[in-house]
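Work through these exercises with the sequence and the structure side by side. Try each task before you read its solution.

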Amino acid sequence: IDVGAVSTRPGAVAVSPEEELRRAAPVVQALHASPLRAPISVDTSCAAVAAELAALGARVVNDVSGGAMDREMLPTVARLGLPAALM
């Protein structure tokens, strides 16, 4: 299940990492606590958001920027040992 809190459509308004976490964290927490056993993926281009959501139960990072929007993304997913979908 891929959880995202930021639109990637052209012209979308930018969202701060804090707002992204405010939106996505409750969803990741609820999915992680549910009896559903599907892996939780987070759709983010922010390494700090990826790390926080991984701590809440996310097990995959989906970064549409391929790590280009945040130079800490690739080192972060490597440090956390998470698989990443990079586009």
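**Exercise 1. How many salt bridges does the structure hold, and which side chains meet in the one at 2.7 Å?**

Solution. Remember that this is a predicted model.
- Step 1: start with the total. The structure holds three salt bridges.
- Step 2: pick out one of them. The side chains of Glu19 and Arg22 meet at 2.7 Å, N to O.
- Step 3: check the cut-off. A salt bridge needs a side-chain nitrogen of Lys or Arg within 4 Å of a carboxyl oxygen of Asp or Glu, so the pair Glu19 and Arg22 at 2.7 Å counts.

**Exercise 2. Find which strands helix H1 lies across.**

Solution. 
- Step 1: locate helix H1 at residues 17–33.
- Step 2: look at what it crosses. Helix H1 lies across S1 and strand S2 (41–43).
- Step 3: read the angle. Helix H1 runs at about 155° to S1.

**Exercise 3. Work out the strand order of the open sheet.**

Solution. 
- Step 1: follow the four strands across. The order is S1-S2-S3-S4, with parallel pairing.
- Step 2: name the edges. Strand S1 (2–4) and strand S4 (84–86) each pair on one side only.
- Step 3: On average, neighbouring strands are turned by 20° against each other, direction ignored.
- Step 4: zoom in on one pairing. Strand S3 (residues 60–63) is joined to S4 by three bridges. Asn62 stands opposite Ala85 in S4.

**Exercise 4. Describe the lining of the largest pocket.**

Solution. 
- Step 1: count the lining, 14 residues. Val6, Glu20, Ser45, Cys46 and Met69 lie nearest the centre.
- Step 2: sort by class. The lining has six nonpolar, five polar and three charged residues.

Conventions: Residues numbered from 1 in each chain as written. Predicted model: local features only at pLDDT ≥ 70, side-chain atom pairs only at ≥ 80, totals over all residues. Heavy atoms only, no water. Pairing = 2+ DSSP bridges. Helix = DSSP H or I, 4+ residues; strand = E, 2+ residues; numbered from the N terminus. Axes fitted to C-alpha atoms, helices over the stretch in contact; angles between N-to-C directions. Contact = heavy atoms within 4.5 Å. 1 Å grid on protein atoms, 1.4 Å probe; cavity = no way out; pocket = protein on both sides within 12 Å on 5 of 7 lines; lining within 4 Å. Nonpolar A, V, L, I, M, F, W, Y, C, P; charged D, E, K, R; others polar.
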